[in-house]
Amino acid sequence: MRPPRPLSASVTAVAVAVAVLCASATPGCSPPPPQRARVPVRAPSPVLAAEVTDPPPAKLGASIRAGCPVPAERLRLIRMNHWGFDGKVHRGELIVHRDAVKPLLYVFGRAFEARFPIRRMRVAAAYGGDDRAAMADDNSSAFNCRPVTGDPGRQSRHAWGLAVDINPVENPYVDVHGLLHPAAGRPYLRRDPLRPGMIAEDGVVATAFRHVGWYWGGRWSNPDYQHFSSDGA
């Protein structure tokens with residue numbers, strides 16, 4: 001049996017006073033039982049709370065089509081919490097190759113612990129598979145069966161579900177023609193000072209990706225600050 005919690009000084013004093021009054025009163029008077037002091041209950045700390053399932057067709061939508069290099073059965077939908085720029089926890093979704101689930105749970109777990117803010121995390125199908133629309137909305141995403149933005153002759157690693165883009169506005173991409181994606185990211189081409197949502201080489205996000213053996217596009221001659229991939233492509 002657990003011992004009772006100690007009473008506060010004020011509660012104890014009231015109980016003693018009532019007991020003394022009852023002792024001097026008529027027989028049969030009994031003091032009320034002492035009341036426990038209220039102890040504030042802390043809310044549980046938020047966690048990543050990741051769930052991994054097969055992606056339903058509606059979550060793939062226009063992001064997958066005939067001839068894609070990876071079939072739907074090799075993809076997984078990750079639902080997980082992330083911190084937003086408003087300082088609150090939001091629920092996000094990524095579709096990735098099944099082989100990418102474990103490393104990405106590690107990366108986003110470290111980012112969540114550090115409260116790294118992510119604007120939004122929606123599957124590419126929410127934008128009709130349009131990467132430019134997703135970037136303009138500052139959306140973080142993974143699988144999308146598409147060519148490299150700005151270089152349509154090459155298939156993107158996103159088409160395999162083995163690449164992730166994070167906060168495209170705060171981490172813009174300069175393509176092989178020198179064009180900026182998205183246009184709203186221009187102020188963030190200057191990487192110093194570091195502002196919320198920006199990825200730095202020694203920051204929590206890039207460090208976590210290095211730990212799992214993934215590569216950062218921010219080191220390319222045409223920098224892609226938002227982009228991480230399993231093989232550096």
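1. In this predicted model, helix H5 is followed by Gly213. The phi angle of Gly213 is positive, near 85 degrees.

2. Helix H5 itself spans residues 204–211, and its buried residues are Val205, Ala206, Ala208 and Phe209. These four lie on the same side of H5, because the arc they cover around the axis is only 160 degrees. An α-helix has 3.6 residues a turn, so residues three or four places apart point the same way. The cover over the buried residues of H5 includes helix H3 (101–113) and strand S10 (227–229).

3. The model contains one disulfide. The bond joins Cys68 to Cys145, with an S to S distance of 2.1 Å. The cysteines stand 77 residues apart, and their link connects distant parts of the chain. Cys68 belongs to the loop between helix H2 (57–60) and strand S2 (75–83), while Cys145 belongs to the loop between helix H4 (131–136) and strand S4 (147–148).

4. As to the geometry of this link, the angle about the S-S bond is -120 degrees, and the link of Cys68 and Cys145 is left-handed. Both Cys68 and Cys145 are buried.

5. Asp131 also deserves a comment. The residue lies in helix H4. Asp131 counts as buried because its relative accessibility is 9%, and buried means under 20%. Leaving aside residues up to four places away in sequence, Asp131 touches Asn144, Arg146, Thr149 and Asp165.

Definitions and conventions:
Residues are numbered from 1 along each chain as its sequence is written. This is a predicted model: local features need pLDDT of at least 70, side-chain atom pairs count only at pLDDT 80 or more; totals for chains, interfaces and linings use all residues. Side-chain values use heavy atoms; hydrogens and water are left out. A disulfide is a pair of cysteine sulfur atoms within 2.5 Å. Helices (H or I, at least four residues) and strands (E, at least two) are DSSP runs, numbered from the N terminus. Buried means under 20% relative accessible area, exposed over 50%, partly exposed in between (1.4 Å probe, protein chains only). Contact means heavy atoms within 4.5 Å. The arc is that of the directions from the helix axis to the C-beta atoms.
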